[in-house]
Amino acid sequence: MRRRNFRYLLIIGGVWIGGGLLFYINKGSEKDPNPALRLKDEIIAETGLGVGPIESNGSLKRRESPDFDDNNDISGLEDEKMVGGGLRRDISIENLNNDIITTKSSSNEVDWKYFDERGYVAKDALKENEDIYGRNQFNQKASDSIASNRDIPDTRGGECRKREWPSSSTLPPTSVIITFHNEARSALLRTIVSVLNRSPDELIHEIILVDDFSDDADAGHDLAKINKVKVLRNSKREGLMRSRVKGADAATSSILTFLDSHCECNKNWLEPMLVRVAEDPHRVVCPIIDVISMENFDYIGASADLRGGFDWNLVFKWEYISKEERALRKNDPTQPIKSPMIAGGLFMIDKAYFNKIGKYDMLMDIWGGENLEISFRVWQCGGELEIIPCSRVGHVFRKKHPYTFPGGAGHVFARNTRRAAEVWMDEYKKYYYSAVPLAKTIPFGNIQERLNLKKNLHCKPFKWYLENVYPELKTPHHDDVQFGAMAQGHYCLDTLGQSERGGPIGLYTCHGSGGNQEWSLSKDGYVKHAGDLCLSVPGEVEELTAGSSLHLRLCNKSMQQQWRYLPESGQLQHLGSALCLDTAIGQLTVQTCNPHTYTQKWKWKFPGASSASQDSV
Ligand SMILES: [Mn+2]
């Protein structure tokens, strides 16, 4: 059964692109009228409130209460803090633990519907001839041109649309925490507006923005005018983990909802998650993450049959749930999906539980590895990770990070990942180091506090996690001397779907997802696939000739199946005939060994080790 699943994974392997497997569902279908979604300009026109005519520079002139101080252009919060005077009347600034908190008097708050969106976005508009991808790695021009309260398709399945959710009065409200660093104003504002626009008012206690020392302090600061929005600003770059913990500590409701800063919440996104967490605070839940195109900001529904996983390189990936689970989901598509890992950018957690299980690893920097760490921690320490299919939130997936990492992205990612591996993976961390040998050279700092936490919470070992949460992640057998894909350039040894009685096997473009390209070399010289199939030469070994093709046969300890790998030349030599595995004639054969020929050179690669790191949210 497992073998069949892997084969299936291979078939779909070709459609892996960065952030996941996308299914264009509901696209182009008629738009579900969303009563909560009203066009801001219409409201403004109806009520005559809020704005005057559009000025030539594209910004709107406000007509607000007389003490609304619109002209006071604050250029630097830090400066203001140091001067200690001259604060705006509507917005005061406190200094708490070296960070800046922007608060406001309620009389000057505005509902999001009356926030001067155009003026706010225009302050950071692209310059003429500027690269539209230059600042954000997504099309800022497209983002800037799209209203914060635009309509988006309701991407939920039919059963989710039909389902009634408990009334708001029976659910606890949440604090939404959004951390950001140099986010495009339009994307950040749209995230906030989508929260306020598509959630029952009484369920949003507050939105806490944590500005992780963006170059432009006003981008966050100006949003503090919006009802329910609170802004914290770090006085130096802290990274995602410490910023989120600051936001969480400042939150005053019992449920935390973490969002990325370029998201759009969809219809009824909040209730299905709140129900699960309110029922059982050990559940850490995520929405299905729909895709907002980085090219044109189209909103595209994602498949509901995915969950989060990883290979031994510890890079997050989306993967299909099993055939059995898909069959179960057909009966009730509203049921949560257990996920070995969360993408990390968007999730909801009970605040007391977040605190109890150790928040985040505060010694991790910037980005990366934290989702791995919190995923292992939640599962191993008694919680559960769930994807809630009736909750949908869009996210702009990018190919690379728009901002720089102090110390370099690869280094920071490896350091964080190493911290997670060292604390949570016990002896299994060796497979990570085999997959990413360079990681061993990167210092990961002190982890004693996290080890103490693990001990005090009586967390289960990683072995338990592998057996109960992620049995699909296969461990190399203890007899294996090599494990993973056998690569020759961009091509990998591949079963081509053949099984124990099948025809010749061959080469296929390396896809890095294991499956038909997953092999192991045991100590006694068998090249195995899926545990019980062995790479075999045909016929009697004594009669084997150069040019013979290779097959898969059930492992039977015969001479036909015995090989040795010569690491220096990269050759795989058949013991009985002394011929070498070769691709010279465009197909896989055995040929007379020649250590200098490229077509006999093989490299062992861990599955997934070649797949690129991604903005996994
Ligand atoms: Mn993101």
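**Exercise 1. Confidence and overall composition**

Task: State the mean pLDDT of the chain and the share of its residues that reach 70 or more.

Solution. Step 1: The mean pLDDT of the chain is 82, and 79% of its residues reach 70 or more; pLDDT is the predictor's confidence in each residue, from 0 to 100. Step 2: Over residues 1-96 the pLDDT is below 50, and this stretch has 135 contacts in the model beyond near neighbours in sequence. Two residues are in contact if their C-beta atoms, placed from the backbone, lie within 7 Å. Step 3: Residues 608-617 also have a pLDDT below 50, with 32 contacts in the model beyond near neighbours in sequence. Step 4: Where pLDDT is low, the predicted coordinates should not be read in detail.

Two conventions apply throughout. Residues are numbered from 1 along each chain as its sequence is written. The model is predicted, so local features need pLDDT of at least 70 and side-chain atom pairs count only at pLDDT 80 or more, whereas totals for chains, interfaces and linings use all residues.

Task: How many helices and strands are there in the chain, and what percentage of its residues count as buried?

Solution. Step 1: The chain contains 17 helices and 29 strands. Helices (H or I, at least four residues) and strands (E, at least two) are DSSP runs, numbered from the N terminus. Step 2: Of the 617 residues, 45% count as buried. A residue is buried if 20 or more other C-beta atoms lie within 10 Å of its own, exposed if 12 or fewer, and partly exposed in between; C-beta atoms are placed from the backbone. Step 3: Among contacts in the chain with a separation of 6 or more, 72% join residues 24 or more positions apart.

**Exercise 2. Strand β6 and its partners**

Task: Explain why β6 is largely enclosed by the rest of the structure, and identify strands that pair with β6.

Solution. Step 1: Seven of the seven residues of β6 are buried, so this strand is largely enclosed by the rest of the structure. Step 2: Thr-174, Val-176, Ile-178 and Phe-180 point one way, while Ser-175, Ile-177 and Thr-179 point the other way. Step 3: β6 pairs with β7 (residues 204-211) in the parallel sense over seven bridges; two strands pair if DSSP finds at least two bridges between them. Within this pairing, Ile-178 has Leu-209 of β7 as its bridge partner. Step 4: The chain passes from β6 through helix α7 (residues 185-197) to β7 in a right-handed β-α-β crossover. Right-handed means that, with the strands pointing away from the viewer, the path from the first strand over the helix to the second runs clockwise. Step 5: β6 also runs parallel to β9, joined by five bridges; here Val-176 has Thr-257 as its bridge partner.

**Exercise 3. Helix α10 and the cores**

Task: Which residues of helix α10 are buried, and what covers them?

Solution. Step 1: In α10 (residues 270-279), Leu-270, Glu-271, Pro-272, Met-273, Leu-274 and Val-277 are buried. Step 2: The elements that cover them include β6 (174-180), β9 (255-259), β11 (283-292), β16 (347-350) and β17 (384-396).

Task: Which residues touch the most other members of the largest nonpolar core?

Solution. Step 1: A nonpolar core is a set of buried Ala, Val, Leu, Ile, Met, Phe, Trp, Tyr and Cys residues joined through C-beta atoms within 7 Å. Step 2: In the largest core, of 112 residues, Ile-177, Ile-192, Leu-209, Leu-256, Phe-347 and Tyr-432 touch the most other members. Step 3: This core draws at least three residues from each of domain 1 (11-396) and domain 2 (410-468); the domain bounds come from an automatic or database domain assignment. Step 4: A second, separate core of 28 residues includes Ala-485, Trp-519, Tyr-526 and Val-537.
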